[in-house]
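The entries follow in the order in which I looked them up.

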Amino acid sequence: MSAVQPASRRTVDAVPAVRFGYTFGELRDYAVQVLECARRAGASACECEVSEGYGLSVTVRMGEVETIEHHRDKSIGVTVYLGERPAARRGHASTSDFSQSAIARTVGAALAIARRTAADDCAGPPEPEALARDPADLDLFHPWPIGVRAAIGIARRIEAAAFALSPKIRNSEGAMVSAQHGQFVLANSVGFLHGYPSSRHSLSLTVIAEDGGTMQRDDWYSAARAPERLADPEALGRYAGERALARLGARKVVTCRAPVLFEAPVAVGLLGAFVAAASGGNLYRKASFLADALGTRVFAPNVTLEERPHEPQGLASAPYDEEGVATRPRAVVEGGELRGYFLGTYAARKLGLQSTGSAGGPHNLVARSDGPDLRGMLRMLDRGLFVTELLGHGVNLVTGDYSRGAAGYWVEGGEIAFPVEEITIAGNLKEMFRGVVAIGADEVVRGAYRCGSILVEQMTIAGH
């Protein structure tokens, strides 16, 4: 299988773009108003985010329009502090009403919560020196002025391409076209005031193949900041259909221990488990197998994970985190050694460390590839399981124990032999990470993660 590539150009039946309801200057003025209102009301410090968004989502199923959704929303989130560290109390409230009276009520509600909250020696806004200064423009806003009729047309093309593959493609869970736009201003009372617009657009399809009374489903999707970087609709539809057809005739395998190759989209989930274990809340609560692991080898020596927050048009690019703390490129894992955690201000204080600019999560975490393309990764697997779908949530971050329902393909001699379903794979993340044989060059981007397929040396495969 090979992932669908972006189209080189796209013709869209465009209509005049829906615009934001407020200018950026107006959002900034509301943010200043919140800070001033909190100061007058007696808050020791204040943080706020003023945001708005609009978008269009269309779903087509079996050629017929199933949903058309326009949305426009706005919000002001207010966090206030009473007292100074190490005895600050925190309160938060939000509103979708931008009137002066609503802002005053929201600030008042946040203060009322703070007065009833216990003092916390780690509460408070970030240190001024940690805040981003002169943030770079990362080219994150590419509006897609697509109308309903054009979106329906694209969705129908996606679905039709899958059905044209084979009469065995019998059903569809829907093709979706989504165009989303937003802008925000983030401000605090220690000197930060900044914001920017951004966009995120996507195409997706899930179809069902049937043969001899058995059914299999599979899907594919594409997301990008700019509409011209989305996959070609027909290519995406065909690929989703090919994936569903390839799974027909699936069966169980005999329980065994064998190498496991995680296809890139599911390998991303392994990175997500690592990030959860390496994130502040789980670390300071001692609810992670990576607690106190800085400077130790947690992956195989061939693994390097880099955070690249400043990539232009990156789906998780940001010049600063949700607190205004500057983001920086860094190696989180280098040569298998854990070099850094994912910490916001509060968690960093709890751990006696510095914020890594990770409030809100990672920013473009990239697994550096040392392996070949997917065909080469299958040859490296030789004999074992190629996993393309995971089911359930059997991950224990305290112990690292890992057990998930799985489906995919059994591989013999480096070639796919037959599809597999209704099995369970089990191991321990500590051993799995240290047993990474290679990371493939078949990279996909899924939200904040970019990763190729991951080959793990050995796992337990439970079948029959």
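**Entry 1: the cavity**

I listed the residues that line the largest cavity: Leu 270, Leu 271, Phe 299, Val 303, Leu 305, Ala 367, Phe 433, Val 436, Ile 439 and Ile 454. I note that the model is predicted.

I then looked up the volume of the largest cavity, which is about 60 Å³. The structure holds one cavity of 30 Å³ or more.

Next I sorted the lining by class and found 10 nonpolar residues, with no polar and no charged ones.

Which elements each supply at least two residues of this lining? I found helix 5 (264-277) and strand 15 (436-439).

**Entry 2: helix 3 and helix 4**

I turned to the packing of two helices, which is described by the angle between their axes and the distance between the axes. For helix 3 (residues 148-163) and helix 4 (residues 233-246), I found that the axes come within 7 Å and cross at roughly 40°. I recorded their crossing as right-handed.

I then looked up the residues that make the contact. Helix 3 contributes Ile 154, Arg 157, Ile 158, Ala 161 and Ala 162. Helix 4 contributes Pro 233, Glu 234, Leu 236, Gly 237, Arg 238 and Gly 241.

Terms used:
Residues numbered from 1 in each chain as written. Predicted model: local features only at pLDDT ≥ 70, side-chain atom pairs only at ≥ 80, totals over all residues. Heavy atoms only, no water. 1 Å grid on protein atoms, 1.4 Å probe; cavity = no way out; pocket = protein on both sides within 12 Å on 5 of 7 lines; lining within 4 Å. Points joined across faces, edges and corners; volume = space filled by probe spheres on them. Helix = DSSP H or I, 4+ residues; strand = E, 2+ residues; numbered from the N terminus. Nonpolar A, V, L, I, M, F, W, Y, C, P; charged D, E, K, R; others polar. Axes fitted to C-alpha atoms, helices over the stretch in contact; angles between N-to-C directions. Left-handed = near helix turned anticlockwise from the far one by under 90°. Contact = heavy atoms within 4.5 Å.
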